Amino acid sequence: MDDHEPSAGRGTIAYRGRGDAIYLNLTNRCSCACEFCIREFSDGVYGEVLVLDQEPGVEDVTAEVERAFMDGPADEVVFCGFGEPTMRLDVVLGVTEWLRLRRIRSRLDTNGHGQLLNPDVDVPAVLATAGLTAATVSLNAADPETYDLLCRPMFSKAHRAVIRFAELCVGHGIETTLTAVDYPGADPEGCAAIAGAIGAGFRLRRLARPPETRTSEGGEV
Ligand code: SF4
């Protein structure tokens, strides 16, 4: 997916939300169809349209990161956006390497399907080698049945794979945090217990809901 023309199309690639991070929007594709996905009721966050008509390549993304830094410093650059970043693993790796060379902290905000989506690659290992600083892995449920109902993954046995992905990220020295959304049916306590068992952190994520879409936390996607 790296043979892209420079993106001149619609859709924001790099944007700022609350806090001092720059967020990156690499794709609108995802291997989940979560009940609570912001994409169900909005075309973006923070006033930015995140619906892409063309997926950006590495050079498109790094150019947008440079542009975003011209507006001021940022604590980290986060792969997030309106889809699952590891659908574009090559771009994540290329941009992460670019950030590492500039000593800029990077974080992957993911549904944890990276290994399922890229079965021929040891994904946590290549992310660590590229220099990824942190990963925030969306788990939401403590058991597979609830996970499948809430997140509607395209893969079977995805719940176990998400936990394993996070566990391997921990093992590769990536700062790893499991998350659960504040949504009926999600199990923050159960997810926190799993996080503790694999050596990851845990964070409850506030969920963007339709009336507050434009001002709420961006990119639980
Ligand atoms: S919330 Fe995230 S993981 Fe779930 S469908 Fe939306 S983009 Fe995919």
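The model is predicted. Strand β2 spans residues 21–24. β2 pairs antiparallel with β1 and parallel with β5. R29 sits in the loop between β2 and β3.

**β2 and its faces**
- Both faces of β2 are covered.
- A21 and Y23 are buried on one side.

**Pairing with β1**
- Strand β1 covers residues 14–16.
- Three bridges join β1 to β2, and the two run antiparallel.
- Y15 stands opposite Y23 of β2.
- β1 and β2 form a hairpin, with four residues between the strands.
- G19 lies in the turn and has a positive phi of about 90 degrees.

**Pairing with β5**
- Strand β5 covers residues 76–79.
- Four bridges link β2 and β5 in the parallel sense.
- Y23 has V78 as its bridge partner in β5.

**R29 in the loop**
- The loop holding R29 runs between β2 (21–24) and β3 (44–45).
- R29 is partly exposed because 13 other C-beta atoms lie within 10 Å, and a residue counts as exposed at 12 or fewer and as buried at 20 or more.
- Leaving out residues up to four places away in sequence, R29 touches G83, E84 and M87.
- R29 and E66 are 37 residues apart in sequence.
- In space, R29 and E66 are 25 Å apart, C-alpha to C-alpha.

Conventions
Residues numbered from 1 in each chain as written. Predicted model: local features only at pLDDT ≥ 70, side-chain atom pairs only at ≥ 80, totals over all residues. Contact = placed C-beta atoms within 7 Å. Pairing = 2+ DSSP bridges.
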